[in-house]
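Take a walk through this chain, from overall shape to single residues. Keep the structure open alongside the text.

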Amino acid sequence: MVISARKPKILIVDDEPVIRDILTEFLSLEGYDIETAHDGLEAREKILSGKYTVILSDLKMPNLDGMQLLQFINDRRIPVVPIIMTGYGTIETAIDAMKAGAYDYILKPFKMEDIIRILDRAIERYNLIAENIQLREALSLYHMSEEMSSKHTPEGIFELIISALSEALSPDVIEVYEIQKNKSLRIITRKNLSQEESLPKLDPERLKFIAASSSTTLLEDGSYPEGLFVENTPASALFAPIKVNGVNQYLLAIYKLSSNQIFTEGQRKTVLTIADRSGAHIENIQLVMKMQTTFSETIQGFAMAIEAKDRYTIGHSERVAKIALELCKGLGLSEEETGRIFQAALLHDIGKIGIRYEELNKPEKLTPKEYEMFKLHPVIGKKILQPITFLQDILPDIYHHHEQYDGSGYPDGLRGEEIPLGARILAIADTYDAMTSDRPYRPALSHEIAIEELKRCAGTQFDPKLVEIFIDIYNNRKAK
Ligand SMILES: [Fe+2]
């Protein structure tokens with residue numbers, strides 16, 4: 001809710017024409033902008049379509065009286081200062097009116113200087129409210145900027161924008177669209193803060209024009225481009241493109257549904273600032289994401305180069321990653337956790353870079369010395385990846401992927417659930433793929449034999465619950 005500084009506009013509500021006339025004449029001469037209503041009903045209509053600083057209302061009127069009008073202003077949280085005029089000069093009525101939200105009261109018959117004095121104080125009060133609201137807006141904007149730097153995904157930024165805008169603008173609906181390469185818009189998220197079920201619906205073709213705009217667009221009912229809304233036209237709409245690398249990549253659409261509070265120019269500027277800042281942050285996030293992807297791809301490239309030296313292990317890491325992915329899904333892990341384990345799977349044998357690989361893939365059995373060397377690959381893998389900040393989360397899974405459920409694995413001999421979940425998943429995926437691929441010392445085993453082997457080693461080498469899920473996944477696939 002924002003109130004802008006402007007010439008005080010006063011609504012006089014009284015069923016007696018003579019009172020309306022006297023007050024209009026006198027207060028107009030004093031420089032106020034005056035409008036009148038003959039009862040509460042008319043006043044309500046006017047308040048909904050216009051913006052007033054002060055409402056000077058009679059208490060007893062036909063149709064809708066002063067108390068009911070106060071109730072209406074309160075319920076809708078309309079930013080206006082109400083003053084009650086009453087001819088029934090009991091102090092109780094005045095107190096009741098004050099309790100119902102009136103700022104002050106005037107007893108009839110009144111003196112003009114009393115009216116001026118009370119009006120001046122009411123306007124001061126109004127300006128104070130306006131200042132407070134603006135301060136609150138500025139403050140929430142500041143907090144939002146601070147918080148943005150802690151977000152690492154565009155979705156995180158949108159969540160923040162929505163919460164800041166909800167507080168600063170008291171809108172009814174906030175929508176975030178993604179502007180796709182062919183310029184069409186895809187809705188990413190919508191927050192409905194109103195009680196309404198039927199929300200505004202935009203014409204997708206006309207929305208493309210709005211989305212292409214270089215700045216924020218503030219529109220009200222009556223000034224919308226023809227056909228922009230196909231259903232439930234809102235009272236006021238604010239559209240703000242979010243530019244990333246100089247290109248409009250997202251669009252914020254914010255609506256007020258009822259006409260008593262339309263967006264102001266000040267609010268348009270607030271939204272413009274928010275959109276600009278979010279654009280800059282999303283640009284950074286996308287840059288970091290791109291760097292991380294490039295980096296991961298480079299490391300993966302190394303891992304694959306190692307595999308490629310030998311026809312037996314070609315594509316092993318990728319297959320392990322795919323199996324791990326299915327296990328994660330079967331376990332119902334979060335997207336974030338699944339992504340982490342997938343990446344760990346791709347890089348699980350990266351440590352083999354540090355080992356003379358030819359020796360490890362010879363047809364004969366490894367000598368005890370060679371086996372000891374082979375067992376170092378999880379340790380070496382951890383060392384290789386340790387300096388890379390954004391890969392820290394996947395280190396435990398890589399380091400422990402040869403641990404065994406009964407504690408007989410390496411490097412640390414962890415047992416049961418001491419072994420990170422990701423590492424327990426990798427152990428199954430890794431072994432299954434190794435068994436079902438050709439090896440220098442034996443041909444590939446069949447799926448059935450591999451499953452039997454997993455079952456046999458459930459509880460000793462592998463987490464028995466995970467083996468069960470793995471078997472379920474394969475059985476379900478077979479059933480399909
Ligand atoms: Fe390994």
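Two residues are in contact here if their C-beta atoms, placed from the backbone, lie within 7 Å. The model is predicted. What covers the buried residues of helix 1? The cover includes strand 1 (9-13), strand 2 (33-37) and strand 3 (54-58).

Helix 1 itself runs over residues 17-29. Its 13 residues reach 18 Å from first C-alpha to last, close to the 18 Å expected at 1.5 Å a residue. The buried residues are Ile19, Leu23 and Leu27. Seen down the axis of helix 1, they fall within an arc of 35°, so they line one face of the helix. The spacing has a simple background. An α-helix has 3.6 residues a turn, so residues three or four places apart point the same way. Turned away from the buried side of helix 1 is a face with the exposed residues Pro17, Val18, Glu25, Ser28 and Leu29. Just after helix 1 comes Gly31, which takes a positive phi of about 100°.

Now step back to the whole chain. It holds 17 helices and twelve strands. The radius of gyration is 35 Å, well over the 23 Å that the globule rule gives for 480 residues, so the chain is more spread out than a compact globule. Along the principal axes, the C-alpha atoms fill a box of roughly 115 × 45 × 45 Å. Of the 480 residues, 32% count as buried. Consider the contacts between residues at least 6 apart in sequence: 62% of them join residues at least 24 apart.

Next, the core. Which residues have the most contacts inside the largest nonpolar core? They are Ile161, Leu165, Leu252 and Ile254, in a core of 41 residues. Helix 6 gives the most, with nine residues.

Helix 6 deserves a separate look. At 1.5 Å a residue, its 16 residues should span 22 Å, and its end C-alpha atoms are 22 Å apart, which agrees. Buried in helix 6 are Pro154, Ile157, Phe158, Leu160, Ile161, Ile162, Ala164, Leu165, Ala168 and Leu169. Leaving aside neighbours within four places in sequence, Leu165 is in contact with Pro171, Ile174, Ile254 and Ile274. Just after helix 6, Ser170 takes a positive phi of about 40°.

Further along, find Gly339 in helix 10 (residues 335-346). Is Gly339 buried or partly exposed? Gly339 counts as partly exposed, because it has 15 C-beta neighbours inside 10 Å. Leu325 is 14 residues from Gly339 in sequence, and their C-alpha atoms are 8.2 Å apart in space.

Finally, confidence. The chain averages a pLDDT of 87, and 94% of the residues score at least 70. Where is confidence lowest, and where highest? Helix 11 (residues 357-360) is lowest, at a mean of 63. Helix 14 (residues 395-399) is highest, at 97. Over residues 1-6, pLDDT stays under 50. For that stretch the model has 19 contacts beyond four places in sequence.

Notes: Residues numbered from 1 in each chain as written. Predicted model: local features only at pLDDT ≥ 70, side-chain atom pairs only at ≥ 80, totals over all residues. pLDDT = per-residue confidence, 0-100. Helix = DSSP H or I, 4+ residues; strand = E, 2+ residues; numbered from the N terminus. Expected span 1.5 Å × (residues − 1). Buried ≥ 20, exposed ≤ 12 C-beta atoms within 10 Å, placed from the backbone. Arc of directions from axis to C-beta. Core = buried A, V, L, I, M, F, W, Y, C linked by C-beta atoms within 7 Å. Rg over C-alpha atoms; globule rule 2.2 N^0.38 Å.
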